[in-house]
Amino acid sequence: MLRFLVLAALVLCGKSVYDSTYRDDNTRVVGGTNSAPNAWPWQISLQYQSGSSWYHTCGGSLILANRVLTAAHCVDRVVNFRVALGDHNLNLNDGTEQIIAVSSIRKHANWNPNSVALGYDIAILFLASSASINSYVKLASLPSDGSILAHNYDCTITGWGRTSTGGSLPSILQQAPLPVVAHSTCSTSSYWGSTVKTTMVCAGGNGVQAGCNGDSGGPLNCAVNGVYQVHGIASFVSSLGCNAYLKPTVFTRVSAYISWINSVSSD
């Protein structure tokens, strides 16, 4: 579920072969295309239990064999969670999936569930067992501490969120190009203004491609020196619509939290 921010905002909730009730909250990449099977092997589906069934609610990135990086707002509700790794089509048994329970959750101490615009929308999931790293399940590469990508830097959002605001849910993992919008641009009045903090990264805003509900917690994948790094965690979009013009998808900037990630991951 990507959060929708009401100032005009809504919360969304490595190497790649690609080069270049919760259910109502689920959404998918807007303006995207089907990814190739297991093209983004660090991408996970965060799922919650309702009765005897499990439902996708957010994305995330495998950063250690037993740790997943996601958005804090994805895990504010107290329910049973599990992660699906190595998945492609959520409605089929692809034969590559690994399903692992979430044993505990660590949200940033400064996270305020009443105001995603304050930032700190980041959490680490502790898995009950370690994933088997193989061709379908791999660890994400993270950026160096404090690194900031240039304006218009090419990145890609991936997720199982809606394909349009209030639209249908995909079964196949989606991908869409989302170039970075520099903070100096994204924080102007034409864009997000002071809603966007320096610990966030904006991407997109062309009115065509965007993240949407159900993409929350998932990665903004950006190739640096030939290796994809997870530079963002999908956090929120505009209440005017997921792909509102000049309202880029807003991500938690991973490079602003490297020391926190390292500290929590080693617990």
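**Reasoning about a loop tyrosine, a core and a pocket**

Student: Where does Y120 lie in this predicted model?

Tutor: Look between β8 (98-107) and β9: Y120 is in the loop there.

Student: Why is Y120 called partly exposed?

Tutor: Its relative accessibility is 30%. Buried would need under 20%, and exposed would need over 50%. Y120 falls in between, so partly exposed is the label.

Student: What makes Y257 a contact of Y120?

Tutor: Contact needs heavy atoms within 4.5 Å, and Y257 is on the list for Y120, along with A72, H108, N110 and W111. That list leaves aside neighbours within four places in sequence.

Student: How far apart are Y120 and Y257, in sequence and in space?

Tutor: They sit 137 residues apart in sequence, while C-alpha to C-alpha they are 8.8 Å apart in space. The 8.8 Å runs between C-alpha atoms, whereas the contact cut-off of 4.5 Å applies to heavy atoms.

Student: Okay, now the inside. How many residues are in the largest nonpolar core, and which touch the most other members?

Tutor: There are 52, and the ones touching the most other members are L46, L62, L69, V83, L85, I124 and I261. Strand β9 (residues 123-127) gives this core its largest share, 5 residues.

Student: Which residues does L85 touch?

Tutor: Not counting residues up to four places away in sequence, L85 touches I44, L62, T96, E97, Q98, I100, A131 and V137.

Student: And how much of the chain is buried?

Tutor: Of its 267 residues, 57% are buried; each of those has under 20% relative accessible area.

Student: How do you know which strand gives the most to the lining of the second largest pocket?

Tutor: A residue lines the pocket if it has an atom within 4 Å of a pocket point. β13 supplies 3 such residues, the most. Both β12 (180-181) and β13 (200-203) supply at least two.

Student: What is the lining like by class?

Tutor: It has 9 nonpolar, 5 polar and 2 charged residues. The lining comes to 16 residues, with I148, L149, M200, V201 and R253 nearest the centre. The pocket's volume is about 180 Å³.

Definitions and conventions: Residues are numbered from 1 along each chain as its sequence is written. This is a predicted model: local features need pLDDT of at least 70, side-chain atom pairs count only at pLDDT 80 or more; totals for chains, interfaces and linings use all residues. Side-chain values use heavy atoms; hydrogens and water are left out. Buried means under 20% relative accessible area, exposed over 50%, partly exposed in between (1.4 Å probe, protein chains only). A nonpolar core is a set of buried Ala, Val, Leu, Ile, Met, Phe, Trp, Tyr and Cys residues joined through side-chain atoms within 4.5 Å. Helices (H or I, at least four residues) and strands (E, at least two) are DSSP runs, numbered from the N terminus. On a 1 Å grid over the protein atoms alone, a cavity is a set of points where a 1.4 Å probe fits but cannot get out, and a pocket is an open set with protein on both sides within 12 Å along at least five of seven lines; lining residues have an atom within 4 Å of a point. Grid points are joined across faces, edges and corners, and a volume is the space filled by probe spheres set on the points. Ala, Val, Leu, Ile, Met, Phe, Trp, Tyr, Cys and Pro count as nonpolar, Asp, Glu, Lys and Arg as charged, and the others, Gly among them, as polar.
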